[in-house]
Amino acid sequence: MTAPTVPISGLGAPSVWPASAVRAPGGDVAVGGVPLAELADRYGTPVYVVDEDEVRARARAWRRALPDAEVVYAAKAFLCRAVVDWVEEEGLGLDVCSAGELELAATRAFPPERMVLHGNAKSPEDLRAALRLGVGRVVVDSDCEIARLAAHVPAHERQRVLVRVLPGIEAGGHRKIRTGGEGQKFGLSLAGGDAEDAVARILGQPRLELVGLHCHLGSQVTAPEPYGEAVRRVVEFLAVLRDRYGVTLPELDLGGGFAVAYRAGDPAPAPEAYASLITRELADVCAEFDFPAPRLTVEPGRSIAAPAGVALYRVLAVKRGGGRTFVAVDGGMSDNPRPSLYGARYTVRVVGRASSAPVRTATVVGRHCEAGDVLAEAAELPEDVRPGDVLAVPASGAYQVSMASGYNMTGRPPVVAVRDGRSRLLVRRETLEDVRARDIGL
Ligand code: LLP
């Protein structure tokens, strides 16, 4: 492999690509020292490429920004066993929301006390796995979960829990990923009194130890201010609990939701920007209520994983007509449902071929049987884009592979890690054999 040396500045906002991205010979882009077109040839397409150093650097950036807090990676963004190891080695905890995520982490002996279990509807299997493996915190999300959880705790033991409260704050990149406002399925309302009722009930459960409160505003929250407001409302409630119940809860988990850039110019505050506002507000409100500062936890998922991932597709068809150009690729809504679910917008670039053709806007579509299977509207691509070209989509490391489906039986894509000029397969492609193996009845 020829070592690429020219930095990628000029490819748009540098933050859209991993920091290691550089131009490589022949119109290519290398990530982690490996040319992307080479990866497309070697592993086939579609394929998801993860820059290990980028994940680690982002994990470290969060720890640096909040040195006294617990930083817990939200596994739902993307989890595989290698990521479990990276997160563990960088000193983060792990937020899991199912027995599946929990058990996968356990296969790498991730310290269970550094895990937090979430879920608005935890199954008996989730609760059993959490207690058997010894997760550090279970986040109680409904009233009816309290007795059920307590019933799973062995006699003479106590499970540490947080209560997920609804602060009544609307924030997040799309209606479907806003979870802090009133009137949706998550959390227990502060304003409506449900959170207080749950606290009272937990305090009456000898097998549960209430250690704090949790809230998660939503995802792709592009400014720090809503977190400041959440801190204010939750600490006010902590003070109320102290006054009414005589408990001084020592932990405050603010969830995740920190935004990343998908396209040049998208707002994506650095961890320090969120961190400084949160710590300032926490100090102010605690002083105001004479409340001892609780230990803070944050749960970034997207902010650690998304910018480290690049999706690679091969163009299968180009269709021009009616003033539009459709560029159809060999993946689509089965590996990335985000554009069709949330109207998410992405950056797309041809890699592995230099082109001097003028740039035109095109609609990059998938191969699935739906008109809504669009990966990128108004993508800027060279006019001579053609079948066989490789398209790279940066900022693809979160909520794509983890939300991939079996639609049209096209098979979920593989995940390849790159680092120091080498690549390795982390998750293999789903094959027809896999599909057949699950289909056991006639
Ligand atoms: N903590 C809790 C309790 C959460 O529910 C989530 C995300 C996170 C942390 C991490 O949020 P992040 O830092 O990654 O924004 N599928 C959607 C995102 C759904 C997020 C669900 N919860 C998307 O593709 O945009």
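The model is a predicted one, so to speak of local features takes a pLDDT of at least 70, side-chain atom pairs count only at pLDDT 80 or more, and totals for chains, interfaces and linings use all residues. Residues are numbered from 1 along each chain as its sequence is written, and side-chain values use heavy atoms, with hydrogens and water left out.

Taken along the principal axes, the box filled by the C-alpha atoms comes to roughly 70 × 55 × 45 Å. Inside it, the chain folds into twelve helices and 22 strands; these are DSSP runs numbered from the N terminus, with helices (H or I) of at least four residues and strands (E) of at least two. Of the 442 residues, 55% count as buried, meaning under 20% relative accessible area, while exposed means over 50% and partly exposed lies in between (1.4 Å probe, protein chains only). Among contacts with a separation of 6 or more, 68% come from residues 24 or more positions apart, a contact being heavy atoms within 4.5 Å.

Strand S5 (residues 47–51) is worth a look. Five of its five residues are buried, so S5 is largely enclosed by the rest of the structure. In a regular strand the side chains alternate between the two faces of the sheet. In S5, Val47, Val49 and Asp51 point one way, Tyr48 and Val50 the other, and all are buried.

S5 also has partners, where pairing takes at least two DSSP bridges between two strands. With strand S15 (residues 309–321) the pairing is antiparallel, over four bridges, and Val47 stands opposite Leu312 there. Strand S21 (residues 415–419) runs parallel to S5 and is joined to it by four bridges; in S21, Ala417 is the bridge partner of Val50.

Elsewhere, helix H7 (residues 194–203) holds Ala200. At 32% relative accessibility, Ala200 counts as partly exposed. Ala69 sits 131 residues away from Ala200 along the chain, and the C-alpha atoms of the two are separated by 27 Å.
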